[in-house]
Structures are given as structure tokens and as C-alpha cells.
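Q: Please take a close look at one part of this model: the place where two of its chains meet. Then follow the aromatic rings from there.

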Amino acid sequence: MTDAATNMRLKLPAICIILEVILIILFGALVQYDDETDARKWHELTKNHSDYENDFYYRYPSFQDVHVMIFIGFGFLMTFLQRYGFSSVGFNFLIAAFALQWATLMQGFFHGMHGGKIHIGVESMINADFCTGAVLISFGAVLGKTSPVQLLVMALFEVVLFAVNEFILLSALGARDAGGSMTIHTFGAYFGLTVTRVLYRPNLSKSKHRNSSVYHSDLFAMIGTIYLWMFWPSFNSAITAHGDDQHRTAMNTYYSLAACTLATYGLSALTAHDGKLDMVHIQNAALAGGVAAGTAGEMMLTPFGSMIVGFLAGTVSVLGFKYLSPILEEKLKVQDTCGVHNLHGMPGVLGAIVGAVTAAVATKDVYGDGMADVFPDVASGDIEASFQGVRQAISLAVTLGIALLGGLIVGFILKLPIYGAPPDNICFEDNIYWEVPEEEESHESQLTAVMTEEAEKLNS
Amino acid sequence: MTDAATNMRLKLPAICIILEVILIILFGALVQYDDETDARKWHELTKNHSDYENDFYYRYPSFQDVHVMIFIGFGFLMTFLQRYGFSSVGFNFLIAAFALQWATLMQGFFHGMHGGKIHIGVESMINADFCTGAVLISFGAVLGKTSPVQLLVMALFEVVLFAVNEFILLSALGARDAGGSMTIHTFGAYFGLTVTRVLYRPNLSKSKHRNSSVYHSDLFAMIGTIYLWMFWPSFNSAITAHGDDQHRTAMNTYYSLAACTLATYGLSALTAHDGKLDMVHIQNAALAGGVAAGTAGEMMLTPFGSMIVGFLAGTVSVLGFKYLSPILEEKLKVQDTCGVHNLHGMPGVLGAIVGAVTAAVATKDVYGDGMADVFPDVASGDIEASFQGVRQAISLAVTLGIALLGGLIVGFILKLPIYGAPPDNICFEDNIYWEVPEEEESHESQLTAVMTEEAEKLNS
Amino acid sequence: MTDAATNMRLKLPAICIILEVILIILFGALVQYDDETDARKWHELTKNHSDYENDFYYRYPSFQDVHVMIFIGFGFLMTFLQRYGFSSVGFNFLIAAFALQWATLMQGFFHGMHGGKIHIGVESMINADFCTGAVLISFGAVLGKTSPVQLLVMALFEVVLFAVNEFILLSALGARDAGGSMTIHTFGAYFGLTVTRVLYRPNLSKSKHRNSSVYHSDLFAMIGTIYLWMFWPSFNSAITAHGDDQHRTAMNTYYSLAACTLATYGLSALTAHDGKLDMVHIQNAALAGGVAAGTAGEMMLTPFGSMIVGFLAGTVSVLGFKYLSPILEEKLKVQDTCGVHNLHGMPGVLGAIVGAVTAAVATKDVYGDGMADVFPDVASGDIEASFQGVRQAISLAVTLGIALLGGLIVGFILKLPIYGAPPDNICFEDNIYWEVPEEEESHESQLTAVMTEEAEKLNS
């Protein structure tokens with residue numbers, strides 16, 4: 001099932017090794033331990049501090065949860081396809097391992113430079129994983145239709161654009177987006193959707209029979225779903241301020257997700273003609289509550305507000321899968337394999353809007369001295385809360401702009417016929433890039449043998 | 001395979017959306033951030049405290065482990081059935097997402113009220129997950145024989161009864177039960193067993209061929225088992241006092257489980273006529289050591305004591321699966337799909353007894369000033385240690401009473417023919433409530449085609 | 001498929017129960033809570049300390065990650081075989097549950113004695129899990145060819161040898177090996193390889209058709225791989241000093257693994273004749289970066305250095321699978337089922353060498369006051385850094401010596417024909433020690449029935 005065009009023998013080793021060597025050289029030239037990971041510097045600091053004040057103890061458990069979401073969560077969520085499990089988990093693994101190194105450099109370049117060096121520690125590791133998350137969302141849109149080389153090239157460009165967008169939002173515009181409704185979800189989704197639009201395959205229906213699940217692949221995908229669901233509170237709270245902020249963000253996300261799940265089950269049964277639940281909805285829409293709490297989660301959204309947000313997100317997401325996705329595919333030619341528009345796109349935009357509104361109504365009365373953690377410019381009196389809301393809204397527009405424009409350009413770069421992408425009739429198929437073992441058991445072949453024998457007996 | 005009676009098109013959306021809307025309204029009216037999640041209040045407190053004293057850092061890692069047990073652990077443990085994986089993980093997900101919200105309200109009503117409001121934070125989140133655990137244990141007893149609507153109704157009532165029982169035990173009687181041998185395991189098991197007794201199906205044997213595992217479903221179930229096993233130390237220690245208490249409880253549970261595992265393997269081989277290990281025992285009985293350490297785990301049980309408890313729990317559990325379950329089914333008409341009596345019922349009672357004995361022999365010499373954390377009433381001199389033991393024993397009796405009586409009433413409520421429960425011959429089957437994808441691969445159908453062709457050739 | 005020789009009815013219960021009873025007695029006689037788990041002692045200490053200084057909060061999250069690696073990571077990594085999933089997860093579970101108890105005693109005997117008693121807490125729990133890791137590495141070498149009784153006997157001896165070797169390295173020689181490149185990986189691998197050499201089966205090819213994966217078994221194995229990969233930063237940092245040391249070690253390992261992954265994908269495609277990725281490489285070689293950062297990870301290796309180490313480790317590991325393993329099997333008669341030589345053996349040796357070099361070049365300028373945490377004898381002025389390097393190198397030689405000699409002796413003990421090992425033609429097969437459920441679904445049998453009927457019709 002391999003021919004010269006899709007043979008990775010030289011292309012994949014070349015890109016992997018060249019990229020890694022460049023990364024290593026750049027790390028050697030630019031990257032240093034920060035004050036909390038450097039032996040000398042931390043011990044100078046701890047003359048006034050104690051070891052338990054090291055940021056490691058505040059953030060490492062959250063980091064590990066985020067790490068699980070990136071590698072197990074995204075990786076297994078995409079194993080729902082019947083013959084694409086190796087690629088789903090395996091390419092997820094490859095591009096994430098690349099993206100987190102590259103993101104360390106790009107994000108460090110924009111907001112971690114100290115005297116010409118990038119300082120790194122657990123917070124930069126979380127940020128690198130976050131950026132990787134955006135790449136994996138885009139991967140979901142093009143899943144099954146791309147070569148690993150193409151995916152690495154996509155990651156190469158997307159990480160740069162992510163860092164630029166993140167810099168504009170958080171540093172230039174002063175927006176808040178701790179859980180990345182805008183920077184991660186909206187950006188990753190609309191970037192990926194634009195890429196898949198540019199890479200439109202009119203004859204993809206030739207691979208249609210593989211673009212669906214089987215019983216066990218749906219169970220593997222549920223591993224991904226459940227891990228994403230469980231650890232989303234850690235995701236949204238991972239880089240918020242110490243103390244009440246991490247605590248509150250985790251709790252808001254927890255209730256948003258719980259409400260989202262009930263909405264998802266309800267809507268899934270309601271929109272099915274026979275009342276049967278659809279695994280696609282459960283695997284995806286139940287997570288929309290985490291996406292939609294990504295911006296406002298750290299704010300005083302209240303559990304009540306979080307649950308409303310989650311309920312809306314789940315509703316929008318199921319309706320998107322049911323009614324909008326077919327339209328996007330037929331009319332706009334957007335072939336969105338995992339439905340990232342429904343899980344990350346619309347809920348991300350919803351989250352950005354909720355964030356803008358919640359910011360705009362923030363008052364000193366509600367936040368007290370905690371205002372400085374969440375809205376430092378409002379706390380310092382530089383701006384009104386309502387203007388923080390405007391900043392948030394502008395940030396959404398900027399994100400959509402960069403994602404769509406960036407996706408367009410990168411889409412055309414990825415369209416070059418040099419990456420060994422699969423032909424239209426061999427999409428959603430592991431066998432093209434992986435050594436795939438023989439059929440499960442040999443029962444069928446044994447049966448065939450028996451049958452042939454029987455038939456021969458009859459013949460003679 | 002769907003007919004009007006089991007069609008969920010209206011019933012499931014109605015109950016999901018109505019319940020969620022009621023929850024949202026009640027949260028809006030009653031629930032507030034506690035001092036550690038509220039921006040203003042925490043910053044008032046931190047004039048005297050540091051961020052690392054926020055309860056989040058003491059308990060959130062434990063919370064996440066508990067969360068994994070609830071959603072992955074229970075969810076996948078029940079995927080052992082060959083055609084019920086979607087429902088096992090999926091209904092587990094649904095009823096847990098509902099129960100944790102409802103439990104926040106019910107538990108808050110009984111022991112989290114401050115000035116008419118329920119204050120919530122990481123500890124209430126853990127408690128909500130604990131209550132959810134009891135509901136999922138009961139789910140194990142009725143697995144495969146209930147509709148999702150029926151399960152939500154069961155959860156609705158069970159959460160209330162759980163909160164009442166928990167209030168009586170912990171607040172009224174002054175019992176200790178940090179890991180829930182009584183409140184979670186004994187209660188959840190005997191409630192569920194009574195429900196399944198009331199819902200007895202004389203013709204369940206019509207679905208017998210699906211009430212068993214296949215090779216891969218047993219492997220999926222092992223994911224659940226291993227996660228439950230690994231994180232049980234976090235479960236039992238999650239809400240114990242800070243410092244030595246959390247530390248000791250985790251360690252006691254670790255050794256109890258290790259000893260339990262060796263007992264389980266030994267007994268499983270011993271009780272099989274051909275010496276072969278039985279996956280049902282490994283998946284379940286190996287966990288009984290965690291259940292049985294649920295009450296005494298926080299006490300000075302010693303690793304030695306913990307291992308004895310674990311060894312006994314594993315032994316009792318395997319023997320229960322082998323000899324008691326068939327009797328319960330045939331004589332008492334208790335159709336206990338997952339054998340929760342063996343994993344949660346008997347080991348829960350064992351744990352309660354161990355807790356009573358360990359409490360009764362507590363001395364100031366052993367506990368020192370730590371007595372105030374574990375037995376505050378003994379430390380304050382209000383009661384003798386022996387009387388604490390009596391309290392524990394009474395608590396077990398109360399728990400059994402409420403579970404059995406509550407299960408009886410709720411069982412009859414669930415027997416009403418309005419929930420779309422599956423008929424006797426379509427139990428243990430996903431297809432009745434889920435869109436199930438076509439057969440794995442199409443090898444069989446291809447083969448059928450080939451065969452038909454061959455046969456036709458012969459015919460002509 | 002069971003005969004008297006492999007029947008576990010008496011052997012397995014006997015060894016499980018005898019071992020557990022001995023463990024319980026020894027724990028009763030020798031083991032006590034340490035200062036941080038004992039109610040009285042901790043409360044005496046906390047007159048000067050606060051609860052957040054309890055080691056539980058520094059190490060328990062890392063412990064849980066290590067625990068996941070041991071039980072899920074190793075357990076599922078080995079499920080790649082098509083008919084050995086029950087045994088892979090199940091025997092992993094059994095021998096780990098035994099080894100962690102036994103290791104508590106052996107390690108405590110060598111470096112945890114206080115007044116004739118072994119004091120235990122979260123650090124001893126991590127160390128016990130570490131020792132268990134070495135046993136599971138050896139299990140990987142003999143996977144599919146041993147009975148559970150044989151594995152328990154192997155664990156019994158290996159834990160003792162591990163504790164002796166660890167004592168010589170860390171206490172007698174003063175070497176550093178926080179993540180166990182030497183004590184865990186090199187030791188476990190070469191011990192296991194020697195055992196499998198002694199147990200050489202000339203007719204193993206009779207089971208060759210089962211010594212390979214199927215599609216879903218490779219996906220289950222990826223669960224193991226990804227968990228090991230994600231949590232390796234916690235593994236290497238779990239017992240390093242508080243503060244910068246834990247933080248830095250985790251980060252070094254993170255970058256080592258990321259670089260290793262790109263090298264693995266590149267080399268896997270490069271060494272395949274058709275450019276297709278090989279799951280065996282991805283499942284194993286991508287982890288070599290964690291192994292190779294086991295010794296130097298806590299040192300000031302820098303992310304740059306870590307990435308070079310990871311890149312080399314991945315490269316060596318893939319080349320080992322491709323070119324060295326076949327030679328080892330054919331020429332040296334080492335039947336290494338999981339290829340532990342490539343994942344743990346060579347990368348472990350590489351890690352030891354990197355550790356020796358990194359130690360030798362340590363300077364006060366780079367480490368500052370942090371030198372006391374990493375190289376206490378250098379910090380105190382007792383030795384030069386270069387001599388620390390010599391200590392590390394000697395430690396590698398000692399480890400190899402004890403592993404090879406110990407493996408030889410234990411191999412001959414395990415060769416005794418009393419353990420019920422499987423015959424050559426029933427290796428890699430669950431059915432010999434487990435009740436295995438009927439075939440997945442009954443589609444084939446239904447089909448057979450249909451076919452027979454058809455054939456009969458034709459016949460008549």
C-alpha cells in the first residue's frame with residue numbers, strides 16, 4: 001500500500017533530525033534555567049524563601065494533568081477512527097514532542113527573555129504544552145488526510161503564529177485568557193479549519209468507509225475524552241495566580257463541565273431520530289464546557305455562571321455536530337474530521353464572549369484585593385472594568401484574524417505536493433505510514449481455509 | 001432494536017434538561033465561593049496567611065486522583081461486559097456528572113451552610129465525588145438492566161439518602177469514616193443490592209450470552225481496576241486532616257492493597273478447579289483492601305495492621321465471588337451484575353468493624369497530640385476511646401438500615417414502567433440506547449460475500 | 001490447554017499466601033511509621049514546623065505518577081502481544097504488589113533503620129516502587145516464557161540484589177543516581193537479560209506466531225508507553241532534594257524525552273526498507289530519553305545537554321532494536337521479549353556515563369550553595385568533582401557485575417523444573433494460566449453455522 005509518493009524513508013528522518021538539531025543548537029545558544037530551577041540562583045533566593053515556595057509545588061501537579069491531556073487526551077480522543085489509531089496516537093505524540101520544544105523558544109522569545117536568554121521552568125513548560133494543544137486541535141481538523149511531514153511543517157508555522165497572537169493578546173492588548181478560550185481553542189480551531197479548507201479533497205468520499213468508528217475504537221476514544229474532561233480544571237487553572245485564583249478556576253471549570261455533560265446527553269438523544277445517544281457527541285460536546293470556561297474561569301464567574309456557560313456550550317456543540325458540520329462540509333468545503341469547529345471553535349468564541357462580559361462587570365466590591373491578580377490594570381486604576389471587556393472583545397477579533405489569515409497561508413504551503421500526503425482513496429488509513437500487524441487472530445483465515453476445503457469437497 | 005418503550009428521544013432530554021435547569025437555579029440561589037476560592041475573602045485572609053496555605057495545595061492532587069477513580073476507574077471497570085462498553089463508560093459519565101452537582105447541594109445543605117448559603121471549595125468537590133462514588137457502586141449492581149433515565153432517578157434519590165446517612169454518622173453520632181467504608185461502600189453496595197433485588201428479572205437468562213466478557217473488554221476493565229488500585233491511597237486520605245493524617249492514611253491504604261492483591265491471586269487460583277486465574281477476581285477482589293481501609297486508614301492502624309486487613313478483605317472478596325454470589329442470585333434473587341457485594345459490601349462491613357476496633361483501642365500514648373485530628377472528642381476528654389468504638393459500630397448499623405430501607409423504597413419507585421428499561425432479552429446491550437457502529441472491519445461480511453459467490457458457483 | 005505441569009492450583013496459592021504471611025510478620029516485627037506519618041511524633045515536630053512542611057506535600061504527587069508508571073505504564077506497555085494481555089497486566093500487578101512490600105523491608109534494612117526498626121513514609125514508598133521497577137524491567141526480558149510462581153521467585157531474589165547494589169552505590173561508594181539509570185535500568189535490564197539467557201529455549205519458535213502484536217494490542221501498549229513518557233519527569237525527580245532539584249530534574253527529563261521522540265521517529269522511518277514507522281520503536285525507543293537522564297537529570301545538565309542525551313538515547317535504542325537484538329538472539333541466545341536491552345540496558349549505561357561526566361565537571365560556580373544537595377561530598381570539600389565522576393563510573397561497573405552474576409545464579413534457580421513454566425509451544429499465551437473468555441462475538445461461529453447449512457443444502 002506504499003508507493004514512492006508517500007514513502008517516508010527519507011523525508012521523515014530528514015525533517016525530524018534537521019528540526020531536532022536546530023532545536024538543540026538554539027537551546028544551547030538561548031535557553032537557561034530560571035531562578036527556581038537553577039541550583040545557584042535558587043539557593044541564593046532561599047536565603048529569604050523556603051523550598052515550599054518554589055513554583056514547582058504550586059504548578060507541577062497541574063502541569064502533569066495538562067501533560068496527560070495533551071498526550072493521552074488528544075491522542076486517544078482521535079483514535080475513534082477504525083483504522084487510524086496508530087497515526088492518531090503516534091502523530092499526536094510526534095508533533096507534540098516537537099511543538100513543545102519549539103514553543104519553548106517562540107514563547108520565550110516573546111515573553112521570557114532576560115538579558116538575551118530565555119529563562120525556563122514549570123510555567124514555561126505549561127505554556128509550551130498549551131501551545132502544543134492548539135497545534136493538536138488543528139491536527140484534529142486535518143486528521144487522516146495528512147502525512148507526518150506535513151504535520152510537522154504545520155506545527156512549525158502554527159507555533160510561531162500562536163506565539164505572535166498570544167503576545168498581542170496578553171502583552172500588547174492586556175487581555176486575560178488563562179485557560180486559552182481564545183489563544184488555544186479559537187486560534188487552533190479556526191487555523192486548522194482554514195488549513196483543511198485549503199487542502200480540500202473533492203474525492204475524499206473514496207475513503208469514506210474508513211472515516212468512521214468501530215466498537216473498540218470508540219472505547220479507546222473515550223479514554224481520551226474522559227481524561228480531557230477530568231483534567232480540564234487543571235488546564236484552566238494551571239497558570240493562574242497562586243491561591244484563590246488557581247482554586248477558583250479549577251472549581252468553576254468543574255461545574256461548567258458537569259452542566260455541559262447533562263446538556264450533551266439531553267441534546268444528543270433529542271436530535272437523534274430514534275433517541276439513541278451518539279458517541280461523537282459524548283466524546284466531544286461534553287468537553288465544550290471546559291473550552292468555554294477558558295477565559296472567564298479565573299474570574300468571579302460563580303459556579304452558577306459556570307454552569308450556565310457549560311450548559312450553553314454543550315448545547316451549541318451538539319447542535320453544531322448535528323446541523324452545522326454537514327453544511328460546512330457541503331457548502332464551505334471544510335472537511336473537519338474531528339469536528340473541531342464544534343468542540344473548540346464555537347465554544348472557544350463563546351468562552352471569549354463570556355470572558356469579555358464577565359470582565360466588563362468586575363467590581364472592586366466582588367474582587368477585593370484579589371482584583372490585582374485577575375485584572376491588574378483595573379486594580380491599579382489605569383483602566384475601567386468595562387474597558388477590560390473591550391480589550392477582551394478586540395482580542396477575540398484579532399485571534400480570528402490571525403487564525404484565518406495564518407491558516408490560509410500555511411494551508412497553501414502545505415498544499416505543495418512534496419510532503420507525501422496520502423491519495424484520496426487511502427485516507428484515514430494507518431497502513432500507509434505504519435507497519436500494521438496481520439489481522440487480529442487468524443480465525444477468519446482459518447475459516448476461509450475450512451470453507452475452501454468444504455467447497456472443494458463439494459466440487460469433486 | 002429500538003421500540004417505543006425504550007426510545008429515549010423525549011424521556012432522556014426531558015430529565016437531563018429539567019434536572020440541570022433546577023440545579024442551576026438552586027446553585028444560583030444557594031451556592032457561594034468559600035473563603036479559599038473567593039477573590040476578596042482569600043485576600044483578606046492572606047494578610048495573615050500565605051498562598052501555599054490555601055487548601056487547594058493540600059488537597060487538589062488528591063482530588064484529581066479521586067476524580068480519575070470516579071470517571072476512569074468506575075467507568076472502565078464496568079466495561080468488562082462484551083456489548084456494554086458504551087453504556088458502562090457513558091452512563092457512568094452521565095450519572096456522575098449529575099450526582100456531583102446534586103451532592104454539592106445535598107451535602108452543603110447538611111454540613112456546609114454559612115448564613116443560609118452553601119460554601120464550596122476543593123473539600124466540597126472531593127465530598128461530592130465521594131457521594132458520586134456511592135451512586136456508581138449501586139450502578140454496578142444494576143448494570144446492564146436499567147435505562148439512563150432510571151439511573152438518573154436512582155441517583156436523585158440515592159444522593160439525598162447518602163447525605164442524610166453521612167450527616168447522621170459524622171455529625172450526629174460523631175463517627176469517623178474518612179475513606180467511606182461505611183458512608184460510601186457499605187451504603188452504596190447495600191442500597192444497590194436492595195434496588196436490584198426489587199428489580200428482580202426472572203427471565204434475565206434470555207440475555208445470559210451477553211452477560212460475560214470478551215478478551216478485549218477484560219483488558220479495558222483492567223484499566224479501571226488498576227486506576228482504582230493505584231489511587232485508592234489518595235481516596236482514603238483526601239479529606240483527612242493536613243500533615244501526618246493524609247500521609248499516614250495514604251500509606252496504610254498502599255500496604256493494605258498490596259497485601260490484598262497477593263491474597264486475591266492466591267485465592268483465585270486455589271478456588272479454580274484447574275488452577276487458572278479468574279479475571280473477575282483480579283478486577284475486583286484485589287481492590288477490597290482499599291475498601292476495608294476506608295475507616296481505619298487514618299487511624300494508627302500501622303502498616304502491619306493494614307496488611308492483615310487487606311489480606312482478609314481480598315480473601316473474603318474472592319470467596320464471595322466464588323461461593324456467595326451464586327447463592328445470592330439463586331436463593332435471594334439478587335442479580336448483582338458487578339458483584340458489588342463482594343467488592344464493596346462485605347469489605348465495607350469489614351472496614352467498619354476494623355474501624356470500630358481500632359478506635360476503641362486508641363490511646364493518648366500512641367496518638368499524642370495527633371489525637372485531636374483523628375478523635376477530637378476523645379482528645380478533648382468528652383468520651384473514652386472505647387465509646388468512640390461504640391459510635392463506629394452503631395454507625396455501621398445505621399448505614400445498613402438506611403441503605404436497605406432506602407433501597408427498598410427507591411427500588412419500587414424504579415420499578416414503575418415509565419423509564420424505558422430494557423426488556424429481559426435485550427439486557428447488557430449497548431445497541432438499545434446507543435448508535436453502535438457497524439461490525440469491526442468488514443472481514444466477516446466480505447467473507448460472507450465470497451462464500452455466497454462460491455456457493456452460487458457450485459449451485460450453477 | 002492446562003496439564004498437571006503448568007497447573008497453578010496449589011503452587012500459586014502456596015507461594016502467594018506464604019510470602020504474604022511472612023511479609024506481614026516481618027512488618028509487624030520491624031516496621032514503624034516515620035516522624036512524618038506518626039500521629040504523636042509529627043505533632044511533636046510541628047511545634048516548630050507547619051503541616052505544609054510534611055514531606056507528603058513535596059513528594060506525594062510524584063509518588064502517584066511513579067505508581068502509575070509501575071502499574072499502568074509497565075503493565076500496559078507489555079500488552080502488545082496478541083494473546084498475552086491478561087498476563088502482561090495481571091502478572092505485572094502481582095509481582096509489583098509483592099515486590100513493593102518486600103522492597104520496603106530490604107531497602108529499609110540497608111538504609112532506613114532507626115533503633116532496630118524500619119521507618120517508612122512517602123520517600124520509602126517511592127523507593128519501593130523504584131525497586132519494583134527494576135523487577136518489572138527484568139520481567140520484560142522473560143515475558144511470555146515464565147509462570148507466575150517463577151516470576152515471584154525471581155522478584156524475591158532480585159529485590160535483595162537490588163537493595164545490595166543500591167546500598168553499595170549510594171551509601172558505600174557515594175554515587176548519585178536519583179532516577180536510577182544504574183540502580184534501576186542498568187541493573188534491571190542486565191539482570192533480566194542474564195536470566196533469560198540461562199532460561200534459553202531452543203524451540204521457542206514453536207510459539208512464534210503468538211510472539212507478535214495485533215492492531216488493538218498495539219493500541220493498548222501505547223497507553224503504557226504514553227504514561228511512562230509523560231510521568232518520567234516525576235520518576236527522575238521523585239526523590240531528589242526539595243526545591244530547585246526536583247524542579248530542575250523534572251524539566252531536564254521533559255526535554256530529554258522530547259528530543260528522544262524526534263530521534264526515534266526519524267530513525268524508525270530511516271531504518272525501515274519502505275519508510276514505514278515501526279510500533280515497536282515508538283512504544284519503546286521514545287522512552288530511552290527518560291532512562292538516559294536518570295543519573296544526570298538532577299545535575300546542572302542544562303536543557304541543551306538533556307536534549308543531546310535524549311537524542312542519542314533514542315538513536316541508540318532504535319538501532320539496537322533493528323540491528324543488535326537479532327544478533328543477541330541468534331548469536332548470544334538472549335531471547336529478550338520486550339527488547340529491554342534497547343530500552344533500559346544501553347540507555348541505562350549511556351545515562352550512567354553521562355552522569356559520570358556531568359559530575360566530573362561540576363563547579364562551585366555553576367552549583368553555588370546548591371552543590372550540597374547534589375554532591376554533598378564535593379560541597380563539603382571532602383572530594384574533588386572529578387573524583388565524584390570516578391565514583392559514578394565505578395558504580396556502573398559494580399552494577400553490571402552484580403546484575404550479571406546475580407542474574408546467572410537466579411537464572412539457574414529459576415531453571416529448576418518445579419515452577420510450572422509453559423512448554424515451548426504454549427509460550428506467549430494467556431490461556432495457560434488464565435480463564436480466557438470465549439471468542440470475541442460469535443460472528444465467526446454464526447458464520448460457520450450458516451456456511452455449514454449452505455453446504456448441506458448443496459450436498460442434498
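Predicted model: local features only at pLDDT ≥ 70, side-chain atom pairs only at ≥ 80, totals over all residues.

A: Start with the charges. Between chain B and chain C there are zero salt bridges.

The contact itself involves 82 residues of chain B and 85 residues of chain C. Together the two chains bury about 7,300 Å². Carbon and sulfur atoms carry 71% of that area. On the chain B side, the residues that lose the most area to chain C are B:Tyr215, B:His247 and B:Leu262. Together they give 12% of what that side buries.

Now the rings. Over all chains, the structure holds 84 aromatic pairs. One of them joins A:Tyr254 and B:Phe63, with ring centres 5.5 Å apart. Their planes meet at 75°, so the pair is edge-to-face. This pair crosses between chains. A:Tyr254 sits in helix H9 (residues 244-270) of chain A. B:Phe63 sits in helix H3 (residues 55-77) of chain B. Both partners are buried: A:Tyr254 has 1% relative accessibility, and B:Phe63 has a relative accessible area of 0%. The cut-off for buried is under 20%.

A second pair stays inside chain C. C:Trp232 and C:Phe235 form a tilted pair, 6.0 Å centre to centre, with 50° between the planes. Both lie in helix H8 (residues 215-237) of chain C. They are three residues apart, about one turn of the helix. C:Trp232 is buried at 2% relative accessibility. C:Phe235 is buried too, at 3%.

Ring pairs also build a cluster that includes residues of chain A and chain C. From chain A come A:Phe71, A:Phe86, A:Phe91, A:Phe93, A:Tyr433 and A:Trp434. From chain C come C:Tyr215, C:Trp229 and C:Tyr265. C:Tyr215 has a charged neighbour as well: A:Arg83 lies over the face of its ring, 4.9 Å from the ring centre.

Chain B has an arginine placed over a ring too. The charged end of B:Arg197 sits over the ring of B:Tyr200, 5.8 Å from its centre.

Last, a helix in chain C. Helix H4 (residues 85-111) of chain C has 27 residues. From first C-alpha to last, this helix reaches 37 Å, close to the 39 Å expected at 1.5 Å a residue. H4 of chain C is mostly covered, with 24 of its 27 residues buried.

Key. Residues numbered from 1 in each chain as written. Chains lettered and ligands numbered in written order. Heavy atoms only, no water. Phe/Tyr/Trp six-rings, centres within 6.5 Å; stacked < 30°, edge-to-face > 60°. Helix = DSSP H or I, 4+ residues; strand = E, 2+ residues; numbered from the N terminus. Buried < 20%, exposed > 50% of the residue type's maximum accessible area, 1.4 Å probe, protein only. Lys NZ or Arg CZ within 6 Å of the ring centre and 35° of its normal. Expected span 1.5 Å × (residues − 1). Contact = heavy atoms within 4.5 Å. Buried area = accessible area lost by both parts, 1.4 Å probe. Salt bridge = Lys/Arg side-chain N within 4 Å of Asp/Glu carboxyl O.
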